[in-house]
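Here's a quick briefing to read alongside the sequence and the 3D view. Have a look at both, then work through the topics below.

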Amino acid sequence: GNPCWDGNDKDRRVDFIRGIASLDRVGASLKVLNGRYISVPERCAAAFKQKTYAGDSLEVFRLDLLLERAHATNEFDSLDLSNGDIRSIKDLPRRLSRMARLTRLNLSSNACSSLPELSEAVSACPGLTSLDLSSNHLEGDVSEVLWMLIHQCPHLIELSVRQCTKDRSSAEPKEYAGLAFSRMPQLQMIDGLQSPNWQHRLSFVGGVSPLMSVHHRQPASAPASRAPPNMGRRRSDAAGQEMSFRSPAAWPASASQDPH
């Protein structure tokens, strides 16, 4: 590191990175500058200033760097592409289609804006069970994002869409959880709220969920303890409220009916 300048000065870091030719290519050996890891956004900003990449080619370079950062292979079942300042995911479906085992995808804290591009990307992952889209710049409102996911991601169990649209203050989880849970019966969790339908299906014996019973079985001779009186009841909290949203006109009429 160089003690003569502030390593936290973003502009100076990017200018310094511009002068290192190897950093405008995937596979560069240099990873740390002045005690801090060189981030993907920094490398892309430097490549843009250097006019090495621009437009679509810059976003392809960005995805290459993020996949390199994740050490991603086609055998991965989980992929983290968060905090990459991604603007376009036009090239992402081609990469994801090769990852047949992928079940978890994290695209949080980026700048994705195109809903059609996102639709293509998630449709390339038919086995997706966990998706994080929080803190992005998607066009439309959160209900439009949910309607798209209802059609494209039939196996989702866990979902995060908090502040995923351009209007970051557009909605609180309790306002759209009802739509998600009513149209995606397999969904267990959205932005920290648990599905009341999933809670209702759980049957606890001795305070242990059947999902854990393989590890916590009672002896055959031991009487089953009574479940607490409030277990198994459908909760009436905000997560159980079904909200009425208008679906985009592009969706089929059968899918755009009010959840009620």
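In which helix is the place of Leu-149? Leu-149 sits in helix H6, residues 142-152. Bear in mind that this is a predicted model, where local features need pLDDT of at least 70 and side-chain atom pairs count only at pLDDT 80 or more, while totals for chains, interfaces and linings use all residues. Residues are numbered from 1 along each chain as its sequence is written, and side-chain values use heavy atoms, with hydrogens and water left out.

**The chain overall**
- The protein chain has eight helices and eight strands; these are DSSP runs numbered from the N terminus, with helices being H or I of at least four residues and strands being E of at least two.
- Buried residues make up 39% of its 260 residues, where buried means under 20% relative accessible area, exposed means over 50% and partly exposed is in between (1.4 Å probe, protein chains only).
- Take the contacts (heavy atoms within 4.5 Å) between residues at least 6 apart in sequence: 67% of them join residues at least 24 apart.

**Leu-149**
- Leu-149 counts as buried because its relative accessibility is 0%.
- Leaving out residues up to four places away in sequence, Leu-149 touches Leu-131, Leu-133, Leu-159, Val-161 and Met-184.
- Leu-149 and Val-122 are 27 residues apart in sequence, and their C-alphas are 8.2 Å apart in space.

**Nonpolar cores**
- A nonpolar core is a set of buried Ala, Val, Leu, Ile, Met, Phe, Trp, Tyr and Cys residues joined through side-chain atoms within 4.5 Å.
- The largest one has 52 residues, and Leu-96, Val-161 and Ile-190 touch the most other members.
- Two or more residues of this core come from each of H2, H3, H4, helix H5 (115-123), H6 and helix H7 (173-183), and H6 gives the largest share, seven residues.
- Ile-190 touches Leu-146, Leu-159, Val-161, Tyr-176, Ala-177, Ala-180 and Phe-181, again not counting residues up to four places away in sequence.
- There's also a second, separate core of seven residues, including Val-14, Ile-17, Leu-23 and Ile-38.

**Helix H3**
- H3 has 14 residues and reaches 20 Å from its first C-alpha to its last, close to the 20 Å expected at 1.5 Å a residue; the expected span is 1.5 Å times one less than the number of residues.
- Its buried residues are Leu-58, Glu-59, Phe-61, Arg-62, Leu-63, Leu-65, Leu-66 and Leu-67, and their cover includes H2, S3 and helix H4 (92-96).
- After H3 comes His-71, with a positive phi near 55 degrees.

**Pockets**
- On a 1 Å grid over the protein atoms alone, a pocket is an open set of points where a 1.4 Å probe fits, with protein on both sides within 12 Å along at least five of seven lines; lining residues have an atom within 4 Å of a point.
- The largest pocket has a volume of about 320 Å³, a volume being the space filled by probe spheres set on the points.
- Its lining has 13 residues, with Lys-31, Tyr-37, Ile-38, Val-40 and Arg-69 nearest the centre.
- Helix H2 (40-49) and helix H3 (56-69) each supply at least two residues of that lining.
- The second largest pocket has a volume of about 180 Å³.
- Lining this second largest pocket are 16 residues, of which Arg-104, Ser-130, Leu-131, Asp-132 and Glu-158 lie nearest its centre.
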